[in-house]
Amino acid sequence: MTEKTAPLAATTQDRPGRASGAAVGWRRTSRRVWPWVAVVVGAVLWWPAGFWGLEVWPRLPLRPLDGDLLLLGATAAAASVSLVVRSPWPRFFIVIGWSALGWLVSAPSHDTYPDERQSLALILAGSAFVGIVLGARGHKGPLGAAGALAFVAGFSPATWPHGAPLAVALALPFAVATWHRVAPTVLSVLKVLVTWLVAALLAAACRYGWDVLHPRMDIGSRRGEARVVANACWDFVRTQWWTSSEAMLRAQAGWFWVALVLAVAIAATRAVTGRVRGRTAAGQKRS
């Protein structure tokens, strides 16, 4: 009887080891494959993240009176790519490549206004650089990713539902939350919410400031135009920040419930996986 049950007992004890070995193999494979998958995802995300609903793919809003849409869209698009793609050169080539393609198919053939194409090129290049820098901050764990995602949700002028990425961003802090540290998690959620509000407020101010410009204005230089837009943006922030923030919070109120559901799902998944890992570790010690 003992001889028949011994192999069965040995097989049962080997199962945790096999399970842990399979998990290690899966992690190694995912680490090798994910950088290539991330490049593809980043390339697919660039145009929708910044310009969905504004133009027909792959065109960009390269018009002087739509410079605010170009600035906001290029920044959000580059930030999305930088958030997904960790390697510096691939994300740089994705952003530059798509920007160059959009310029080739959308740029005006001649200047309707003085220095029109130069101004648009400067806006596109500067916005792409800022977006890459801001998106790269998302590689600092779930909290960094939540902040970058909240920025894209608030800053992008595209017409996709901005509450969806905001809900994901608000739920991400629970990926590192513990029962013994409730206050830091709550503060992280509030920080993500403030990041989104600030980004959305800046985007609204940029659109308001750009609307001040019109073809009949004779300012004389790009610096003068930038000063007029900056002053109008500051006036909007100074006088409308509370009203605008309340309106944005009310508009996205339904997505906060989605964020709560996602947070509960993340916490429950962490609890289950923690128990499984604990049992696997206990089985390995016994064996």
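The structure, a predicted model, holds ten aromatic pairs. Rings of Phe, Tyr and Trp (its six-membered ring) pair if their centres lie within 6.5 Å; planes under 30 degrees apart count as stacked, over 60 as edge-to-face and the rest as tilted. Local features need pLDDT of at least 70 and side-chain atom pairs 80 or more, while totals for chains, interfaces and linings use all residues. Residues are numbered from 1 along each chain as its sequence is written, and side-chain values use heavy atoms, without hydrogens and water.

**Aromatic rings**
- The ring centres of Trp 46 and Trp 98 are 6.4 Å apart and the planes stand at 5°, so this pair is stacked.
- Because Trp 46 lies in helix α1 and Trp 98 in helix α3, the pair ties together parts 52 residues apart in sequence; helices are DSSP runs (H or I, at least four residues), numbered from the N terminus.
- Ring pairs join Trp 46 and Trp 98 with Phe 51 and Trp 57 in a cluster.
- Trp 46 has 1% relative accessibility and counts as buried (under 20% relative accessible area, with a 1.4 Å probe and protein chains only).

**Nonpolar cores**
- A nonpolar core is a set of buried Ala, Val, Leu, Ile, Met, Phe, Trp, Tyr and Cys residues joined through side-chain atoms within 4.5 Å.
- The largest core has 46 residues, and Trp 46, Phe 51, Leu 60, Leu 70, Val 95 and Trp 196 touch the most other members.
- Helix α7 (182–211) is among the elements giving two or more residues to this core, and α7 gives the most, with eight.
- Another core, lying apart, has eleven residues, including Trp 160 and Cys 206.

**Around Trp 196**
- Beyond its neighbours within four places in sequence, Trp 196 is in contact with residues including Ala 150, Leu 166 and Met 248 (heavy atoms within 4.5 Å).

Notes:
Buried means under 20% relative accessible area, exposed over 50%, partly exposed in between (1.4 Å probe, protein chains only).
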